[in-house]
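Q: Hey, can you walk me through this one? I'm new to it.

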Amino acid sequence: MWEAKPRHEMLRAAPAAGPTSLTGSSSPASTQTVDADALQKLIHLLQATDDPLIQEQVLITLSNSAAFTVNQDIIRNLDGLSIIGDILSNCVPKVKEKALNALNNLSMNIKNQEEIQVYIMQVCREIESAPLNSDLQLAGLRLLTNMSVTNDYHHKMMNSIPCFLHLLSEGTERTQIQVLKVLVNLSANSAMAGHLLRAQVPSLLLLFDHCINRDILLRALVFAANLRKNMRNGDGTMLQDQYSEDSLFFTLCRDSSPFTQKLASLLHHPDTEVKEQVGRILTQQ
């Protein structure tokens with residue numbers, strides 16, 4: 001059931017594409033067998049070199065190694081998180097992208113998240129400044145997806161809500177899906193609801209349509225359902241005075257006839273999960 005997932009949009013750690021050794025070989029190495037001594041040498045090399053090609057290959061190898069839980073702890077204990085995090089200040093986009101991919105796999109670990117969270121605002125800035133739909137932008141969004149699974153670090157992403165919603169309006173389907181994963185996690189937190197509802201997304205209603213990619217539509221519905229659930233005060237009332245008429249609140253609020261019409265149409269959608277989420281929203285009215 002999709003409803004059980006609203007605050008758990010999380011990516012699994014996975015080997016990254018590309019070479020996995022510093023020899024230039026395209027044959028994947030068995031990163032599961034990398035021992036602490038080998039990981040320490042990689043981390044020291046990353047710290048010592050300024051060569052972008054070597055940095056990329058080291059980061060890919062560390063990222064692949066971090067797909068395995070035991071290596072996530074080893075890399076943290078070797079101070080690898082801060083060394084990889086420092087790479088985010090690198091001026092080469094491909095190197096920053098590989099650093100974000102490595103941090104993404106390392107963020108599957110709660111203790112690692114406690115250290116990685118210091119880079120969240122920097123990651124948000126990278127997402128905002130990166131070219132639209134770029135691999136760098138997507139890598140940043142993937143990391144934020146994992147870092148937003150709990151409510152602990154949502155406040156660090158708050159100022160980037162307008163950027164996320166801009167990407168939702170202007171991005172490709174791949175970008176829309178990734179930013180929706182972040183927005184679904186944020187919207188499940190009642191403390192973030194007001195910040196989201198005050199924002200403006202002129203084209204949001206376009207996502208609630210039969211012709212929209214199913215993954216986008218389903219996440220957009222979960223996002224809307226979470227916000228509608230959290231838009232009320234403790235006494236069950238909605239304070240409309242605090243929202244402008246072009247805000248997300250007025251797009252999704254109870255009296256929004258365009259949104260209601262969209263939902264009514266989606267009741268006939270062939271996908272069962274889509275209809276379940278539509279029902280979830282309608283029962284909140």
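**A salt-bridge chat**

A: Let's start with Asp135: at a relative accessible area of 35%, Asp135 is partly exposed. Partly exposed sits between buried (under 20% relative accessible area) and exposed (over 50%), using a 1.4 Å probe and protein chains only. One caveat: this is a predicted model, where local features need pLDDT of at least 70 and side-chain atom pairs count only at pLDDT 80 or more, while totals for chains, interfaces and linings use all residues. Residues are numbered from 1 along each chain as its sequence is written, and side-chain values use heavy atoms, leaving out hydrogens and water.

Q: Okay, what does the side chain of Asp135 meet in a salt bridge?

A: Lys94, at 3.8 Å from N to O. A salt bridge here is a side-chain nitrogen of Lys or Arg within 4 Å of a carboxyl oxygen of Asp or Glu. Asp135 lies in helix α8 and Lys94 in helix α5, so the pair ties together parts that are 41 residues apart in sequence.

Q: Why would side chains pair like that at all?

A: Opposite charges on side chains can pair when the charged atoms come close.

Q: What else does Lys94 form a salt bridge with?

A: Glu97, with the closest N and O atoms 3.4 Å apart. Both are in helix α5 (residues 93-106), and being 3 residues apart they are separated by about one helical turn. An α-helix has 3.6 residues a turn, so residues three or four places apart point the same way.

Q: Switching topic: how many helices and strands does the protein have?

A: 15 helices and 0 strands. Those are DSSP runs numbered from the N terminus: helices are H or I with at least four residues, strands are E with at least two.

Q: Which residues of helix α9 are buried?

A: In α9 (residues 161-170), they are Ile161, Cys163, Phe164, Leu165, Leu167 and Leu168.

Q: What covers them?

A: The cover includes α7 (120-129), α8 (135-147), α10 (173-187), α11 (190-197) and α12 (214-230).

Q: Where does Ser160 lie?

A: In the loop between α8 and α9. Ser160 counts as buried, at 4% relative accessibility. Setting aside neighbours within four places in sequence, Ser160 is in contact (heavy atoms within 4.5 Å) with Cys124 and Glu128.

Q: How much of the whole protein counts as buried?

A: 53% of its 285 residues. As for contacts with a separation of 6 or more, 73% are between residues 24 or more positions apart.

Q: Last one: where is Asp79 found?

A: In the loop between α3 (69-77) and α4 (80-86). Asp79 is partly exposed too, with a relative accessible area of 43%.
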